[in-house]
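Hi,

Here's the structure I promised to pass on. Have a look at it first, and my notes follow below.

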Amino acid sequence: MNIQKLKDEAKRAIGRKEVTHLIGYQKGSYGFRISPIFIETKEELDRLTFSPLCSLSLVNYLTIEGKPAQVQSEEEKKSKAKKVAIFVRGCDSRALNQIIAEKGLSRESLYIIGIPCKGVIDLKKIEAQFPNVVDPAEVVEENGKYIITINDQTHEVPKEELIADTCKVCQYPTPLTYNKLLGDKLEGNPANYDDIQKLEEKTPEEKWSFWQNQLDRCIRCYACKNSCPLCYCDGCILDKLTPQWVRRSVDTNENLMFHVTRAFHLAGRCVSCGECERVCPVGIPLMKLNRKMEKDVKELFDFEAGKDPEVKPLLNTFNIEDPDDFVL
Amino acid sequence: MSEFEPNIVAFLCNWCSYAGADLTGTTRTHYPPTVKVIRVMCTGRVNPLFVLQALRQGADGVLISGCHPGECHYLKGNFLARRRFLLMKNLLEYIGINPSRIRMSWVSASEGKKFADVITEVTEDIKKLGPLKSFKREIL
Amino acid sequence: MSKTRVGVYICHCGVNIKSTVDVTKLTEFASKLPHVSVAKDYIYLCSDPGQELIKNDINEFNLNRIVVAACSPRMHEPTFRKALRSAGINPYCLEIANIREHCSWVHEDIEKATKKAESILAATVAKASLLEPLEEKEVDVIPTALVLGGGIAGIQAALDIADTGFKVYLVEKDPSIGGHMMQLDKTFPTLDCSACILTPKMSDVGNHPNIELLTYSEITNVGGYVGNFKVTIKKKPRYIIEDKCNGCGNCISYCPIEMPDPFNLNLSKTKCLYIPFPQAVPACFVIDPDYCRYTLNRECKQCEPVCKELGAIDLKQKEQFIEVDVGTIIVATGFDTFDPTLKPELGYGLYPNVITGLEFERLSSASGPTTGDVMINGKKPKNVVFIHCVGSRDKTVGNEYCSRVCCMYTAKQAHLIKDKIPDAKVTVFYIDVRAFGKGFEEFYDRVKQEGIIYRRGNVAEVYKRGEKLVVKAEDTLLGQLVEVETDLVVLAVGMVPRADSNTVNNLLKLSQSSDKFLLEAHPKLRPVDTASDGIFLAGCCQGPKDIPDTVAQASAAASKACIPLSQGKVRTEAQVAQVNDLLCRGCGFCVEVCPYDAIELKPTVIAGETVDVASVNEVLCKGCGACVAACLSGAIQQKSFTDEQLLSMIASLGESYE
């Protein structure tokens, strides 16, 4: 990714009179960290960056402000047509499509700059190889390798070793919706759910012991929920006391309810950005749950989340011919 | 030791399956005393999360039963329920709950015999599996 | 809110419950449940003294929630609600534990049944203690009905409602009312002339002060609910001004364009400026825009000057949309005849002398293209074969049902052939003959006496041999293949739902049974109601039937439709959905799953910002709860079936076996 091109496009975007600000990435305060940046003036443009370290979804910062203000009439729509410019990767664009389908955002309020994405680095993997890096490090991708610069020293690591697992099976690296696309479109991977199928084939006892071991570790920090671009309800049912769907106590059973609820609420909505799994401090393979739902939704209902903002959300519709063979 | 009697929670829609279960009673057709009914107006009301909630709170199995496709009193509730339930069933199966514990059926108001058959079948299946101990939430 | 005080009442139902459930033990169990102030058992709670017991306790113990453990809530919920109301507490603070149909009647082991009854009761008490008082609303009813379809069903229904004294809009898609019955020659088994018995009713409709007839019209939108439907009707342009046309017909001879006559099923020609048939109501002409040279290409216009005096011809007429408010709706949209080209082996469409039963009616009718002479290629047929069950009782075309009229109309048509051509040889191929109605068997017997040959067998093929047609079939009584040479084959086509029925069904949100005809609310006890309050069914849209059955059903639907009209008020569902504005994320999932369009997103001010929030129309909501299960944030809840209430039952049932 040519950073100068990115900055030029960003400059054009904030130069537009309807664009109030731009959401992009900047280097974080230490090591391999990345943080979001909200740019309103040209002077700030220089801080913009994009690299394989940019794993967080900027879409979160659009919904974090709350519900989209209701625009009353076509005329008001025009006069009020303030836009936010945002950089999106393939998965982010699907998240936007899905949220627009759910009326959580309106397409008119967005100026989308698409970045075809070759995959992001799993922070846990790179920090394991290069522990305790304090100064901001840089990573670029070249010929299937990551060139990592730490304190002026460069290291080469095969991409395969550091790339996030979700990105290895990414089907939509190129944004599906955008006002401007930076760079050439990339070919996605064919759908591959071998890992899910392997787990499906185990006995109920094996599956349960697998998940018990995983869920037992959950400390209910809610990082998965907070990093998820599709988790944007104002009040989450999992936080409520009346009725209390899940207790606050951290034990396998409550954790199970928490994660199954999340997976179910994301069925037909998850866009496979994989951020929940990457931010999990105890390494629970959460995408194994989400991808299971993604696989089923595709196989059973021929549905993929976030492909088209005009399509009704999966569970709000039905087909008379939906599978029925499991019903007594 | 007495024989294991499964504890099954059934969500029945008011118009078809609940009425069907009433007919089972009216015709004095017997079935095992394992099932306890929660009446809802339509299967469309059944939040699939109820299924897991029931299992972890002590049920050994869950049944959702509604009108046959196309016969929903509210036109489409059973179609919506079918989709939602199938995904939840698959998800729970994937984390290790035996699918025999999570069932759905279409029982019309005239199918009293079928209701008894469904309960008998589900009960037998769950008896073979035994209690669902590992999933139960601790009682405070 | 004052402290929750639950009263639990356990019914013995004579011995019905008591013999299998230990009611004394159950009462003791109930008295220890949380929030329970008093628990009692009684022999018959539904009796007057039983209800008095509850009412007295409500006052004595200051109870505010009642649990009755007895028979199914589908039996006596209304009874006990009334008792609560008369004792001065909200009738929705009642919950029924079904320990009869779901317990004592289906189990034998007293210990196990009692234990199950305890579980049921504990869960019911858990829910009951969370119940909230609810309010039923009353809405005014617009004292007007709309009847959709102007066949015999719609005509009868409209007349009955109008005679009761209410205004009726009768909407018919064709230029005249009359429907299929108008096309028939004679009616079985009495051989009345169909038109002769129908036309007086048609003119009654035309002249009735309470009936507003909207022909050549279709409904395009239906909103609202029982008592207050808002229906949009599209009036297609006739190109003739209805109020001005006196039906003189002077214009016809000036129209140069001929087209196939739809009333005669395209068996003859008519002008494209036409009146469907002489007795049409309204007696008003119509111009078919698909044939008229002016509407097609702005040419011709020869008719317009002819009608200078009345000025009834208006070739520039546009379609009109009318909105009417009505209290109830009757659907009487009728049927289509089965399309026999779906059974290509019968040669329909290939050989002109293979015709349908309805086409035979036109040929046989004195008002038809041959003025009643059954003629094929200008000759009277000497051999005629009738084939039963074309498109009925036939899984290969997806119609498993019997069309109920074909056996008898075939018998009648066979009789008419014999009547008109006494030396004709008439053969009928049948599967069974179903002569179930009043006078049917006698008529069938008479027809057989007239020398008509009934052969039991399914026809395999119809093909041409020289000038003749050959019908090949297996005679299943003789067990041999037979070939019958014939001049005319009449297919007894069955009835199928209207080709455009989906449009109407979707507009009115009606469901279909597996045969694709409209579904009644209950097959036995509510045969003319639909699942939608205030919408009723009449005639063949609900399933095949003959004329007397149709008329009877139409009168039934009319009297049902008049009930809300004369009551003047309807009560709305109380257990409806409600939205917590603060939790609603405005996604509209609830709007999308609602079968009744009862929810809409409305701009609402939340914390200073105007945002979209779901809003429930409590009159439209029927309380199914589909929206609740669709909502991710739990913002929408169904009263009396909230997540909190149902989760309390789940928790109680789960723990009961610990």
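To start with, how many bridges join strand S12 of chain C to S17(C)? There are 7 of them, with S12 covering residues 228–235 and the two strands running antiparallel. Bear in mind that this is a predicted model.

One of the residue pairs there is C:Ile233 with its bridge partner C:Ile322 in S17(C). The sheet they belong to is an open one of 3 strands, ordered S11-S12-S17 in chain C, and its pairing is antiparallel. Strands S11 (217–225) and S17 (320–326) of chain C are the edges, each pairing on one side only. On average, neighbouring strands in this sheet are turned by 20° against each other, direction ignored.

In chain B, B:Cys16 is joined to B:Cys67, with S to S at 2.3 Å. The torsion about that S-S bond is about 100°, so the disulfide is right-handed. This pair links distant parts of the chain, 51 residues apart: B:Cys16 is in the loop between strand S1 and helix H1, and B:Cys67 in the loop between strand S3 and helix H3. B:Cys16 is buried at 8% relative accessibility, and B:Cys67 is buried at 4%.

In chain C, a disulfide joins C:Cys193 to C:Cys196, S to S 2.3 Å. That link is right-handed too, with 80° about the S-S bond. Here C:Cys193 is partly exposed at 26%, and C:Cys196 is partly exposed at 48%.

C:Cys272 is in no disulfide: the nearest cysteine sulfur, from C:Cys255, is 3.8 Å away. C:Cys272 is buried, at 2% relative accessibility.

Cheers

Conventions. Residues are numbered from 1 along each chain as its sequence is written. Chains are lettered from A and ligands numbered from 1 in the order in which they are written. This is a predicted model: local features need pLDDT of at least 70, side-chain atom pairs count only at pLDDT 80 or more; totals for chains, interfaces and linings use all residues. Side-chain values use heavy atoms; hydrogens and water are left out. Two strands pair if DSSP finds at least two bridges between them. Helices (H or I, at least four residues) and strands (E, at least two) are DSSP runs, numbered from the N terminus. Axes are lines fitted to C-alpha atoms, for helices over the stretch in contact, and angles run from 0 to 180 degrees between N-to-C directions. A disulfide is a pair of cysteine sulfur atoms within 2.5 Å. Buried means under 20% relative accessible area, exposed over 50%, partly exposed in between (1.4 Å probe, protein chains only).
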